[in-house]
Amino acid sequence: MLVIFLDIETTGLDPVRNHVIDIGFKIVDHTTGELKTTYQSIICPTKEQWATHDPQSLVINGYSWESVSVGITAAEAAAEITALFQSHGIVRGKAVFICQNPAFDRVFFSQLIGIQQQEQMQWPYHWLDLASMYWALTVKRTIEDHQLFPEKIILSKNEIAKHYGLATEPHPHRAINGVNHLITCYEAVLGCTLSAAG
């Protein structure tokens, strides 16, 4: 089974107004733990797309017009990603996506490669999330330990990392750093070892 650990940085949270500016992923063979490939690209939006950016989002990811203007186009990124997925045999049933926030990442990923094309390519439509894995294990642990379920659980990736004694994600955020941190957290939550982190 292949796993696509993926992270995206954008100009804001609204997929109607905002756009992808940084995408990173690693394809890992979960059976062997082998890293198959790494991908990261800065994507240059049009000036009209950049004009709708959310300043607070740029505080988090640290991007400026100068830093994104040297990137490739969305169409070029889509072509590169499609070629990589094809070369590694990414199809549903044999691969899944794992993200911290798939509701966010999937909708912005679909800006680059539309749902119809994803369907034609038979790409995975299961986008799994770390927070749900952590939640399920917390539920299981409290039941097994005969404890009351916590009244408050923060499910951010950084809070999950802290729970396991891991470092938080470097700031400002970059997609490939987010991918590496996601894999490290995933290994801690699931108790497995992959060769793709770092």
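**Notebook: pockets, cores and backbone**

I began with the largest pocket, whose volume is about 490 Å³. I note that the model is predicted, that local features need pLDDT of at least 70 and side-chain atom pairs pLDDT 80 or more, while totals for chains, interfaces and linings use all residues. Residues are numbered from 1 along each chain as its sequence is written, and side-chain values use heavy atoms, without hydrogens and water.

**Entry 1: the pocket.** I took a pocket as an open set of points on a 1 Å grid over the protein atoms alone, with protein on both sides within 12 Å along at least five of seven lines; lining residues have an atom within 4 Å of a point. A volume is the space filled by probe spheres set on the points, which are joined across faces, edges and corners. I found 18 lining residues, with Asp7, Glu9, Gln100, Asn101 and His173 nearest the centre. Strand E1 (2–10), helix H2 (55–61), helix H5 (102–112) and helix H8 (157–163) each give two or more residues to this lining. Helices (H or I, at least four residues) and strands (E, at least two) are DSSP runs, numbered from the N terminus. E1 gives the most, with 4 residues.

**Entry 2: the cores.** I next looked up the nonpolar cores, sets of buried Ala, Val, Leu, Ile, Met, Phe, Trp, Tyr and Cys residues joined through side-chain atoms within 4.5 Å. Buried means under 20% relative accessible area, exposed over 50%, and partly exposed in between (1.4 Å probe, protein chains only). The largest core has 26 residues, and Leu6, Ile23, Phe25, Ile81, Phe85 and Phe109 have the most contacts inside it. A second, separate core of 18 residues includes Phe5, Tyr134, Ile160 and Val189.

**Entry 3: the cavity.** A cavity is a set of grid points where a 1.4 Å probe fits but cannot get out. I found 1 cavity of 30 Å³ or more. Among the residues lining the largest cavity are Arg92, Arg106 and Trp123.

**Entry 4: the backbone.** Most residues other than glycine have a negative phi, and most peptide bonds are trans. I recorded a cis peptide bond from His171 to Pro172, with omega near 0°. Gln122 has a positive phi of about 60° and is partly exposed, at 37% relative accessibility. His146 also has a positive phi, of about 55°, and counts as exposed at 75% relative accessibility.
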